[in-house]
Every structure is written in C-alpha cells, then in structure tokens.
Amino acid sequence: MMTPALFGENLLDDFFGFPFRRNYVSPFFGESEKHTGNFMQTDVKEHDKGYTVSMNLPGFKKEDVKGELKDGYLTITATTNTENNEKDDAGKFIRRERYSGTCSRSFYVGENVTQEEIRAKFEDGVLHLEIPKKEAKPIEEKSRFISIEG
C-alpha cells in the first residue's frame, strides 16, 4: 500500500530529528540550513604537492556540476531536475513526482591558486579534484616614517 510521505521516510526520524539534528529540513518549518543529506560527502587528503578531494554526487551528471574559483574560494555546485512518472496499463498516472534542487560546498584554497592549476574529473558519481599547494606570498611591510619638523 502506498501512502503519502507527509513526514518523509520515517515519522519517528522526522519527529526526533528536528530539534536535535543539524541541517534538518522540517516538513512544517522548511529548511533550517542548506540540507544536502547524503550528497556532497567529501574526503580531503593532503600530500606533498597539494590536496586530493573526492566528493560524492550520486544521481548527478557531469553537466550538472559546476566549479568556480573566486577570491581564493573554490565553490562546487550541483543542480538537478528530475521527474518520475509511473503509469498503469491504461496510461493513467498512479504516481507522479518531481524534484529540483541545488547543493553547494565551498573550500578556501588560497588566493594564489589559479583556475588552470585545479584538475577535475567526474567519474561514477564522484567528483575528483587535484588542488596544488601554494605558499602565501609574504607581505612586505615598509616602514613609513612621519617627518617631524622643528
């Protein structure tokens, strides 16, 4: 028997989850913070020359994923629009669902890293990034003296 999922997957999960779980989407109060669920789970590994980032994006296609580097922040955004139509033998809808959503993550990679230096590959629902380490350029402090007359 199919019943409407007013409370999501499990009534008790939603009941006990709302006040206690971070990034929770309440069916009554809406989204408290950007909710990504199992999307965008990220592993970051450090090695001598840089970082390797693996980000899970199940159900997304390569063209749904965008990366932007701005002011030293690398932002990965994934957008999806899906529609699930189930019909009976006569062609009447039994169930019709639509989902549209966007999730994003940002990482500070430093202002010296350029877009051309970051390597990205999308394979089997996982985005792999290679980000080089760059030493921050030291800021030269110049002494500025005020001349005193007298």
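A salt bridge is counted here when a side-chain nitrogen of Lys or Arg lies within 4 Å of a carboxyl oxygen of Asp or Glu. The model is predicted, so local features need pLDDT of at least 70 and side-chain atom pairs count only at pLDDT 80 or more, while totals for chains, interfaces and linings use all residues. Residues are numbered from 1 along each chain as its sequence is written, and side-chain values use heavy atoms, with hydrogens and water left out.

Begin by selecting Glu123 and Lys121, which form a salt bridge whose closest N and O atoms are 3.7 Å apart; by this rule the count comes to 3 salt bridges.

Go next to Glu46 and Lys133, another such pair, with 2.7 Å between the closest N and O atoms. Glu46 sits in strand S3 (residues 42-47) and Lys133 in the segment after S9, 87 residues apart, where strands are DSSP runs of E with at least two residues, numbered from the N terminus.

Then select Glu117 and Lys134, whose side chains meet in a salt bridge at 2.6 Å, N to O. Glu117 lies in the loop between S7 and strand S8 (119-123) and Lys134 in the segment after S9, so the pair ties together parts 17 residues apart in sequence.

Finally, select Leu57, Ile76, Leu129 and Ile131, the residues with the most contacts inside the largest nonpolar core, which has 17 residues. Strands S4 (50-56), S6 (73-87), S7 (93-108) and S9 (126-132) each give two or more residues to this core. Such a core is a set of buried (under 20% relative accessible area, 1.4 Å probe, protein chains only) Ala, Val, Leu, Ile, Met, Phe, Trp, Tyr and Cys residues joined through side-chain atoms within 4.5 Å.

How values were computed: Buried means under 20% relative accessible area, exposed over 50%, partly exposed in between (1.4 Å probe, protein chains only). Helices (H or I, at least four residues) and strands (E, at least two) are DSSP runs, numbered from the N terminus.
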